[in-house]
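User: Please take a close look at the ligand sites of this structure. Which contacts are found there, and how are these terms defined?

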Amino acid sequence: MSSTVTSKIVETRVYDDQKPGTSGLRKAVKVFMQEHYTENFVQATLQALGDQLPGCTLVVGGDGRYYGKEAVEKIIRIAAANGVRKLMIGQHGILSTPAVSTIIRKYKTRGGIVLTASHNPGGPDADFGIKFNCENGGPAPDHVTNKIYEITKLLKNYKIAPDVNVDIDELQNTTIQVDGNPFTVQVIDSVNDYLEHMKSIFDFSSIKTLLQGSNNRPPFKVLINGMNGVTGPYIRRIFSDELGVDDSSVVNATPLEDFGGLHPDPNLTYAKDLVNAVKNGPHDFGAAFDGDGDRNMILGKKAFFVTPSDSLAVLAANLSSIPYFRKTGVKGYARSMPTGAAVDRVAAKNGVKLYEVPTGWKYFGNLMDAGQLSLCGEESFGTGSDHIREKDGIWACLAWLSVIASLGKSVEEILLNHWHTYGRNFFTRYDYENCDAEAANKMMQQLESEIQKPEFLGSRLTSEGKTYVVKLGDNYSYVDPVDGSKASKQGLRILFEDGSRIIYRLSGTGSSGATIRLYVDSYEDDEAVLNKDAQEILKPLVTIALEVSKLREFTGRDAPTVIT
Ligand code: G6P
Ligand code: ZN
């Protein structure tokens, strides 16, 4: 490649479906492959940076899914033509979402572009996604994604430097002149910065002692499953190289373009192979991560399942096991609205402020930037802290191992002790995936008007001899305490007098049809029921939830696709 190239302007056509969802623009690969489609969105994303675009540095990387490398190539050429000064790109185009956030913050770049559809399947017939993260390392807030969308609707052309060719498989620094201005691509190791960050947060030597065993404790056997997603190189470096875990305990650790046909979402349905392996194996602990490495699932011996809502609460109660929090102190806890309220009880007991925010990691970022939040989590298998501005699967796993190392107890014992101290918020989520969108919308509309009728307040809903009295029915809205911005229509809530809750949301991350999520949360402090099965305890509320919403009638679905 010559070291001097010129850019050109390409006339394009508008695509009117480029509105970013909960986590960026997420569509079928085939949609992104349409002529100009990806180029348009990248151009709009850059243009939304306004006068901060010329001369800026951006991070680029993704979860290794199909079409990722093509997208990186397009981004390089479009960024070059738009006056970007430098791109820092993960080798082979690979960077986990938490790694992108880490690198943006560490090198103080203007932001980053993450190529992922997170936990959605990958491959030519599956999904792709493009997400912009801001200079705080977090997903772009609504006002930025709205701006990108507005630009896509009016876009007439995009700028591209088609002669720029950079080999992203080689660690290297390349600088060329584009229209007379220097443009640098730095291909960086995908893992180094992230690993260094984890080492500064956790006490690796105490985790290593736990895993290897010591005079008075046998080795603590773990099974770490990358689900063929981006975490492969990270878990190899961290668990095999640094913590000395043997190779057979780190599985599905090579990123594959189609995730080996897996649906890379760490839950009881899609991570069944981990669940079965831990159920039938000698392991004390299992963890799996999603395609882009920000979600996690934690299991104890015999596949004892830790719900994400409980996981958050247990970590909240034990943050002092982690050196990072001993240094920074605990500024606040937060959870998304549908997340089980277990952490609220830890907050109340410890006198720590608790925030409830809408679904979507971006809502935590403002609180963290304002120094008000240390630890947060969501029922959707996301857990994280203010060490970055994304949720972080491997971080959650290391946090759990730190707590286990410090308490010297099994996962199950830790949970039982926790419930004994705080009581238990039983939680379940039912997902009805790929429903007819119109039917799902109708159901939500009808339900919204139903629960907002004056007579719904105070009404008594009964199932299997249990009666719940309605305290409030609404469509949740949120005012950000930091900047006053408002997010409305964030989910239908039915709150009961005893603190139980039923919540209905339409997923914002699907790529086809509609996914209805039903969340049920109920508190019990009766010792006799603490270790009962959540499905058993929550059955009456689930029945009520299905009846009030007429979900079966609207969708024709008898059973959910996934139960968590
Ligand atoms: C992504 C976001 C999470 C959010 C989740 C919700 O994973 O990063 O913050 O909780 O989407 O997904 P949903 O499909 O329920 O909209
Ligand atoms: Zn993800």
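Analyst: In this predicted model, a polar side-chain atom of Glu 378 lies 2.5 Å from an oxygen atom of ligand 1. A polar contact is a pair of N or O atoms within 3.5 Å; within protein, one must be able to donate a hydrogen and the other to accept it, and residues adjacent in sequence count only if both atoms are side-chain atoms. Taken alone, ligand 1 exposes 380 Å², of which the protein buries 99% (areas by the Shrake-Rupley method with a 1.4 Å probe; for residues, only the protein chains shown count as cover). Ligand 1 is surrounded by 14 residues, and Lys 391, Thr 509 and Arg 517 are among the closest (a residue is near if one of its heavy atoms lies within 4 Å).

Ser 118 and Asp 294 are both buried, meaning under 20% relative accessible area, with exposed over 50% and partly exposed in between (1.4 Å probe, protein chains only).

Residues are numbered from 1 along each chain as its sequence is written, while chains are lettered from A and ligands numbered from 1 in the order in which they are written. Local features need pLDDT of at least 70, side-chain atom pairs count only at pLDDT 80 or more, and totals for chains, interfaces and linings use all residues, with side-chain values using heavy atoms and leaving out hydrogens and water.
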